[in-house]
Amino acid sequence: MELESKRFYLDVKENQRGRFIKIAEISADGRKNQILMTFSTAALFSQNLIQFIDFYRDLDSLDPENLRQGELKSEVMYKDDKKYHMDLKENARGRFLKVSETFTRGYSRFQVFIPADGMGEFQHNLGELIDEYDNGDAEEALSAPQNKHLRIENKNFYFDIKRNQQGRYMSISEVKGNFRNSILVPESGWESFRDVLDDYVKQVCCM
């Protein structure tokens, strides 16, 4: 699809880990940016994109003499060892959505820039791909609890809900620099796990 002076390609790919969508942006001078999303992430991205479109439509017209600093609207999505930022911004040339893909370990960052006026067409095409090629991951992602991130002192903790042949489980990962350590808690033990934490919190508060 062509949005303003840029061309965007949405391609469905597959590897040993499953199907994913490659989003590529090619600018007028030939520069290429791209990000990768699993179908479950793409479904959440598409859902968030609808909210961004509604928000954008309610904005006042762009005033080049009075540009707003920072993000007009932001959202962060967590998926396994990746983090995706959605940032709606504006500059003298107009408004745009910056979508960044970063890894929780290391400093690699990939990003694409979608013109705000083209978000509707982009979401429509992405939604069609998901509907046609999804094997159930996208639908499950929209109905499952969303992944969470928590920063405590100089450590990051990621809470991811996953599923295998034994059923659903929660992966709790501690990340500090290039170090990552995880524990897996089966769904049958979530309430007991919570009760133990609650008990410790109550004991400490009473000391």
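I number residues from 1 along each chain as its sequence is written, and side-chain values use heavy atoms, with hydrogens and water left out. As the model is predicted, local features need pLDDT of at least 70 and side-chain atom pairs count only at pLDDT 80 or more, while totals for chains, interfaces and linings use all residues. Helices (H or I, at least four residues) and strands (E, at least two) are DSSP runs, numbered from the N terminus.

**Entry 1: the β5 to β8 sheet.** I looked up the strand order and got an open sheet of four strands, β5-β6-β7-β8, with antiparallel pairing. Two strands pair if DSSP finds at least two bridges between them. The edge strands are β5 (73-79) and β8, each pairing on one side only. Twist averages 20° from one strand to the next. For angles, axes are lines fitted to C-alpha atoms, for helices over the stretch in contact, and values run from 0 to 180 degrees between N-to-C directions. I then checked β7 against β8: they run antiparallel and seven bridges join them. T102 has R109 in β8 as its bridge partner. Which helix lies across β5, β6, β7 and β8? I find α1 there, running at about 175° to β5.

**Entry 2: the largest core.** A nonpolar core here is a set of buried Ala, Val, Leu, Ile, Met, Phe, Trp, Tyr and Cys residues joined through side-chain atoms within 4.5 Å. Buried means under 20% relative accessible area, exposed over 50%, and partly exposed in between (1.4 Å probe, protein chains only). The largest nonpolar core has 31 residues, and I23, F45, L88, L97, I114, M119 and F122 have the most contacts inside it. Two or more residues each come from β2 (6-15), β3 (18-26), β4 (32-38), α1 (39-57), β6 (82-91), β7 (94-103), β8 (109-115) and α2. The largest share, eight residues, is from α1. As background, nonpolar side chains tend to be buried together in soluble globular proteins.

I followed up F45. Contact means heavy atoms within 4.5 Å. With neighbours within four places in sequence left aside, F45 is in contact with I23, M37, M77, M86, V99, I114, F122 and L126. There is also a second, separate core of five residues, which includes I161, M170, I172 and V185.

Entry 3: N48 is in helix α1. Is N48 buried or exposed? I have it as buried, because its relative accessibility is 11%. Beyond its neighbours within four places in sequence, N48 is in contact with E75, M77 and M86.

G94 lies in strand β7 and is buried, with a relative accessible area of 15%. Again leaving aside neighbours within four places in sequence, G94 is in contact with L62 and K89. G94 and S61 are 33 residues apart along the chain, and their C-alpha atoms are separated by 9.9 Å.

**Entry 4: helix α2.** I took the length next: α2 has 15 residues and reaches 21 Å from its first C-alpha to its last, close to the 21 Å expected at 1.5 Å a residue. The expected span is 1.5 Å times one less than the number of residues. Its buried residues are M119, F122, Q123, L126, G127, L129 and I130. They sit on the same side of α2, because they cover an arc of only 160° around the axis; the arc is that of the directions from the helix axis to the C-beta atoms. The face turned away from that buried side carries the exposed residues D131 and E132.

G136 is in the loop between α2 (119-133) and α3 (137-143). G136 is partly exposed, at 26% relative accessible area. C-alpha to C-alpha, G136 and S40 are 8.6 Å apart in space and 96 residues apart in sequence.

**Entry 5: the β9 to β12 sheet.** Here I found another open sheet of four strands, in the order β9-β10-β11-β12, with antiparallel pairing. Its edge strands are β9 (148-152) and β12 (179-186), each pairing on one side only. The twist averages 25° from one strand to the next. How many bridges pair β9 with β10? I get five, in the antiparallel sense, and H149 has Y158 in β10 as its bridge partner. The two strands form a hairpin with two residues between them, and E153 in the turn has a positive phi of about 55°.
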